[in-house]
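Thanks for coming. Please have the view open.

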Amino acid sequence: MSRKLLAGPYLIWMICCTVVPLGMIVYYGLTDRSGAFTFANLSAITVPAHAKALGLALLLAVISTLICLILAYPLGLILRKTGLGQKGFVVFLFILPMWMNFLLRTMAWQTILEKHGVINGILSFLGLPSLRLINTPAAIVMGMVYDFLPFMVLPVYNVLMKIDNSVVEAARDLGASNRQILFKILIPLSVPGIVSGITMVFIPSLTTFVIPNMLGGGKLLLIGNIIDQEFTVGSNWHLGSGLSLVMMVFILISMLFLAKFDKGGEGNAF
Amino acid sequence: MGSLIDLVKISKSFDGAKVLDELDLSVQENEFITLLGPSGCGKTTTLRIIGGFEKPDEGQVLFEGKDIAAVPPNKRHLNTVFQKYALFPHMNIEENIAFGLKISGKSKNYIRDKIRYALKLVNLDGYEKRSVASLSGGQQQRIAIARAIVNEPRVLLLDEPLGALDLKLRQDMQYELIRLKNELGITFIYVTHDQEEALTMSDKVVVMNQGYIQQMGTPEEIYNEPENAFVADFIGDSNILNGIMLQDRLVEILGYQFACVDEGFGRNKPVDVVIRPEDIVLKQPGEGTLDGVVSHLIFKGVHYEMEVQAGGFEWLIQSTGCYPVGTPVSISVDPFNIQIMNKPASEDEEAIGVDE
Amino acid sequence: MKKIVERCYLGIICVFLYAPIFTLMVLSFNESKSMAKWGGFSLRWYQEMFQDEAIREAIWNTLAIALISAVVATLLGTLACIGIQKMKSSSRAVILMLNNIPMVNSDIVTGISLMLIFVAFGISLNRNTVLIAHITFCIPYVVLSVLPKMKQAGKTTYEAALDLGATPIQAFIKVVLPEIRPGIVSGFLMAFTMSVDDFIITHFTRGAGVNTLSTLIYSQVKVGIRPSIYALSTVMFATVLILLIVANFLPGYREKRTKKAGG
């Protein structure tokens, strides 16, 4: 039947606009300006500045992903337990902020974290010494957590809501305490959601250049900043592509690592 | 003899709707007791209160005389087999069965022996490593039972455990359950809406409707001597008629007088009369109490089922004799097979009545 | 006690999510141009917002691109789901992998890869290249929200409609479409939202002089953002908030009312 053909336009679009462009990155990454084959763009990652940027990005991405998970999971449990867990409400709550522009939301944290910003204002009002918050790695992590938390909450919440309550009752019936139910039933059953949440927070955190620009004061460079600069300022697209490839390898490795936990399950955010 | 579980004046409402109203029930040690009723009658709620998953609004739950209302489900000496099995999808069969034993800290050897024993008991030996998803509904149900009984509960609660199975499998599982009950020697509290299941398996049947217990007794008592029209209608097929008790041992139905064996209703008292379809004897016209004509005939395998128009009522009759549609017949009933019941008097009892 | 802790936790997360937004809203009424000082209440930025040519063009670009890319993505994505439904599970897996590429790729890689391909094929970067890029990253959201609904709807109702004499197209429009509509709507809204909120992909695929709200803001970050942009964002946010409240809660409220009246 011709019904399969309905996927045709989609397939053509996705191949032209995702697969082929990826090929371009590979091509640029493995050639120099004269078009000759080279590994130089890949090995450029060992340049101390680049390696440091990648290392810092990995570290901050891992930290912010963990924080997101630690914040989101209890939230999912609470939403599952209370009647507030109607789908519309939660999606509403976590999608709505996206209607205040992403850059502005991040900017707003500048105001809050600044030397004379909201938090230090409160601290000095209480007679406490002010803290250096802005332009630190902590501020960047803060921005990452803030911007990407919804991408952790939604899949975790979705998978938790799908767990049949009779399974939880069965565990309780067989003698499990609340703690045992959490660790032996709820967490193992929500692995698909956790995995997709981790993916959706880790990847944008690892690759962001906007957040360090705004909250890191432009002094703390992540791998995203380096790549961005190569394309917009430095205009060495070959080097930028090469570094992107290296970054993608790290994404791929983390995905493979995660896939080990999520056997065959396809966690979905929406 | 003290009973194992006593429910004392249990009431429970959900969103203002009363589901149970001052329900009293006692369960003896080693009894197979079935809560039977249509959906929404409160039977599952009763079971969940015993299991500890719901708290009664009022009343007490006594286990060997001690109030266990405050005891959470994980601390009660009973286990539940859930309606949709509720097996843990992320564990294999062995891990599912071992769950309760691991929680209570049993030794590895003990757990292994128990799993083997339980699987043998439910006729699934060798299934240890299988995944839940690879089992059929009937097999999953057996695992759910195995998972519950390895914990050696004093009472096993079963919430419509056979509801999702097909007819043949359901009948097989009924025998399995009876066998299990006898081998284990523990109390079974069983919830179902299927009257045949209830009659087949139980020592005692509790018929419930709209939060009240309608009748409690052995399957024979429930079937042969229903106490009210609801029970008569719900258990098996029956002809329920309005009658007038003229005097002891004589009832008037549809203007015809029938001899019966009931006494003590007084004179000229309106009553409900129940006659089971298999208790009606068809005779040649003029030879029975009232005459009529066969209006429907269906072959049912063991017997024929007929409808006979007689005295302005459509009688349901089961007989091994075949009377084609249009045959004039006469209806006759043995006095012993006519069941007389008081009509519901108060409004409360009205609620009990048959909903047509 | 436990309930109180739970409620507090929920409250703190909400404060965390909405504090920056609230800050921006307050700043939009700030007479002073500085983010750090409160210079008194003023509607000055709201006036300026309507006069600023750059802002007007950026908001027009943002909304036009979001609307067109959401519509195209919804169309392509929904058609694809219908097709995918008919496929063998192996080819379905391949397509789902394809669908995940933009998700896993990260915005920056999607952005630069598209830029490279545009340049390689000699397509000059302009508003259309941004549009193509947005459609590309919107489609997966549509597919991910329609496909599960499609699975739920299953084949039975479609076949029942055919059995009752409907043509395949009638069966689809009258039976399947209503069943998957919630997925289509949420996919569309998701695509629209993501497109409005996007910065990174636009950043790499836009031509000189083409600004969306995001890129306009980014260009002003270093020199200081004019508060008229806060005003504009406040207006957008408030509009969406009101629209969502009307769309989400009014029908539910009405339903409850009629149910109560009926029962």
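Start with the network in chain B: B:Arg142, B:Glu176, B:Arg179 and B:Glu183 are linked by salt bridges. Please keep in mind that this is a predicted model. As for the general idea, side chains of opposite charge can pair when their charged atoms come close.

How many salt bridges does a search of the whole structure find? Over all chains, the search gives 22. I will pick out a few of them.

Staying in chain B, there is a salt bridge between B:Glu197 and B:Arg170, where the closest N and O atoms are 3.9 Å apart.

B:Lys18 has 52% relative accessibility, so it counts as exposed. B:Asp21 has a relative accessible area of 21%, so it is partly exposed; the cut-off for buried is under 20%.

Now to a salt bridge between chains. The side chains of A:Glu169 and B:Arg48 meet at 2.6 Å, N to O. The pair crosses from helix α8 of chain A, residues 165–173, which holds A:Glu169, to helix α1 of chain B, residues 43–51, which holds B:Arg48. A:Glu169 counts as buried because its relative accessibility is 10%. B:Arg48, at 22% relative accessibility, counts as partly exposed.

Which chains have the most contacts with each other? Two pairs of chains touch, and of these the pair A and C has the most contacts. Chain B and chain C do not touch, and their nearest C-alpha atoms are 13 Å apart.

The last item is a surface patch that involves chains A and C. The patch is positive and is formed by A:Lys4 together with C:Lys86, C:Lys88 and C:Lys155. Where in chain A is A:Lys4? A:Lys4 lies in the segment before α1, the helix that spans 8–29. Its relative accessibility is 41%, and therefore A:Lys4 counts as partly exposed. A residue needs over 30% relative accessible area to be part of a patch.

That is the end of my part.

Definitions and conventions:
Residues numbered from 1 in each chain as written. Chains lettered and ligands numbered in written order. Predicted model: local features only at pLDDT ≥ 70, side-chain atom pairs only at ≥ 80, totals over all residues. Heavy atoms only, no water. Patch = residues over 30% accessible without salt bridge, like charges linked within 9 Å, V, L, I, M, F, W, Y side chains within 5 Å. Areas by Shrake-Rupley, 256 points an atom, 1.4 Å probe, with all protein chains shown as cover. Salt bridge = Lys/Arg side-chain N within 4 Å of Asp/Glu carboxyl O. Lys, Arg positive; Asp, Glu negative; His and termini not counted. Charge placed at Lys NZ, Arg CZ, Asp CG, Glu CD. Helix = DSSP H or I, 4+ residues; strand = E, 2+ residues; numbered from the N terminus. Buried < 20%, exposed > 50% of the residue type's maximum accessible area, 1.4 Å probe, protein only. Contact = heavy atoms within 4.5 Å.
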